[in-house]
Amino acid sequence: MNDLDLFDEAPAEERPRRGRAAATADKQRRRKVLLLGGIAAVIVLGIGVWYGVTSLFGLTSYEDFEGAGDSDVVVKVEPGTISQTGQSLVEAGVVGSVRAYTAAAQENDSAGSVQPGYYVLKTKMSGANAVAGLVRKNARVGEMEIKGGNQLDDVTVASGKVNQGIITMIAKASCAELNGKSTCLTAEQVRTAMEKADLAEIGAPEWVITEASKVTEPRRRFEGLLMPGKYDVKPGDTPENVLRALLTTGSARLQAAGLPKAAEKTGFSPYQLLVMASLVEKESATQDFGKIAQVTRNRLAIGMKLQYDSTVNYPLDRPNIRTNSADRDKAGAYNTYAVQGLPPTPIGSPGAGAISAAVTPEPSDYLYFVRCDKNGKSCFAKDLDDHNANVREAQAKGAY
């Protein structure tokens with residue numbers, strides 16, 4: 001027996017099995033190594049990402065100014081998240097970091113109620129003081145609200161009370177106190193800017209420019225371009241920039257209300273529909289918008305003068321009340337008792353309902369109407385005799 005005989009040699013049929021088992025074991029070991037390596041890589045990557053994010057946004061430590069701040073500054077809060085508000089404050093130099101604001105906001109339940117708009121804060125405020133400055137009572141500045149039928153100029157009612165027009169609203173909204181100085185524009189500054197502004201340069205819609213440019217009184221070109229709603233005026237800005245910002249918002253609202261596209265199949269230009277809508281807004285209560293719009297169209301179609309008191313009163317800066325013969329005898333482009341067709345501009349700010357009625361009126365053969373109820377409801381007629389009967393009834397009720 002030689003030395004080799006000391007070792008038992010496996011039978012030939014068993015040797016392949018052992019080879020396969022060894023290979024399988026090797027594969028399993030490699031899988032484990034790869035799995036452990038992958039887990040380790042994910043952990044390392046996660047640590048890196050966490051470190052990067054916390055370093056970028058200051059989640060572990062962040063810069064925060066101390067105290068109530070230095071000098072006054074106007075900040076615009078855009079629609080968005082608390083973090084986006086924090087970014088706006090960082091860009092304005094109000095807070096030291098986004099995290100300084102968001103961390104303080106998380107501690108103040110009122111922070112989520114901050115509305116988009118302009119606010120007066122100070123540079124280099126602590127996050128807590130910035131939050132407190134935004135949520136304090138009357139913190140927001142530069143806000144104004146236009147209602148349906150409001151016109152550019154102030155209007156004097158029968159009692160002698162003066163209702164503020166849009167020009168006065170803009171001037172008042174421009175007011176804030178910055179470092180001891182007032183930012184208020186005067187109504188005259190706003191009016192002058194309207195008169196001198198180039199409509200295209202200042203952002204008026206293209207479909208307005210051609211027809212509004214023909215208007216004899218330049219400031220009236222802006223009439224009707226600001227739909228009802230809330231607007232933001234930046235205190236401290238120039239009159240021209242204020243008007244540009246207002247027109248940007250107003251143009252978007254007009255487009256949302258359907259102009260100019262809705263005019264395509266009406267036979268009227270978008271600007272004519274805007275003028276018509278302003279008459280509807282002034283002449284009737286909401287429930288009669290569609291009927292008044294159709295009366296307007298019916299009269300225009302047969303060449304009949306509109307004879308609307310609201311247009312006579314518009315340049316007189318009076319509300320929509322009855323006119324007398326002396327008023328109606330006065331010459332002027334807005335006197336629809338004397339002049340054929342629509343007035344040259346809108347006579348106030350029409351809302352979406354009035355614009356919709358001008359685009360799609362309520363079909364009828366009516367040519368006349370009169371306010372016949374104290375709630376504003378109108379009575380309609382197809383001929384003058386029936387109209388006169390409605391007038392007598394309205395006068396008996398004290399509605400006209």
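Author: The largest cavity holds about 50 Å³ of space. A cavity here is a set of points on a 1 Å grid over the protein atoms alone where a 1.4 Å probe fits but cannot get out, while a pocket is an open set with protein on both sides within 12 Å along at least five of seven lines; lining residues have an atom within 4 Å of a point. Grid points are joined across faces, edges and corners, and a volume is the space filled by probe spheres set on the points.

Reader: Before I go on, what are the ground rules for this thing?
Author: It's a predicted model: local features need pLDDT of at least 70, side-chain atom pairs count only at pLDDT 80 or more, and totals for chains, interfaces and linings use all residues. Residues are numbered from 1 along each chain as its sequence is written, and side-chain values use heavy atoms, with hydrogens and water left out.

Reader: OK, how many cavities of 30 Å³ or more are there?
Author: Two by this rule.

Reader: And which residues line the largest cavity?
Author: Leu152, Ile170, Met194, Phe222, Leu226, Leu243, Leu246 and Leu247. By class that's eight nonpolar, no polar and no charged residues. Ala, Val, Leu, Ile, Met, Phe, Trp, Tyr, Cys and Pro count as nonpolar, Asp, Glu, Lys and Arg as charged, and the others, Gly among them, as polar.

Reader: Which helix gives the most to that lining?
Author: α8, with three residues. Helices (H or I, at least four residues) and strands (E, at least two) are DSSP runs, numbered from the N terminus.

Reader: What about α5, is it mostly covered or open?
Author: Mostly covered: in α5 (residues 166–173), seven of the eight residues are buried. Buried is under 20% relative accessible area, exposed is over 50%, and partly exposed is in between (1.4 Å probe, protein chains only). The buried ones are Ile166, Ile167, Thr168, Met169, Ile170, Ala171 and Ala173. Ile170 also turns up in the lining of the largest cavity.

Reader: What covers them?
Author: The cover includes β4 (143–146), α6 (187–196) and α8 (239–256).

Reader: What is phi like at Lys124?
Author: Positive, about 55°, although Lys124 is not a glycine. Lys124 is in the loop between β2 (117–122) and α4 (127–135), and is partly exposed at 44% relative accessible area.

Reader: And Asn138, what's its phi?
Author: Near 60°, again a positive value in a residue other than glycine. Asn138 lies in the loop between α4 and β3 (140–141) and is exposed, with a relative accessible area of 66%.

Technical notes. Contact means heavy atoms within 4.5 Å.
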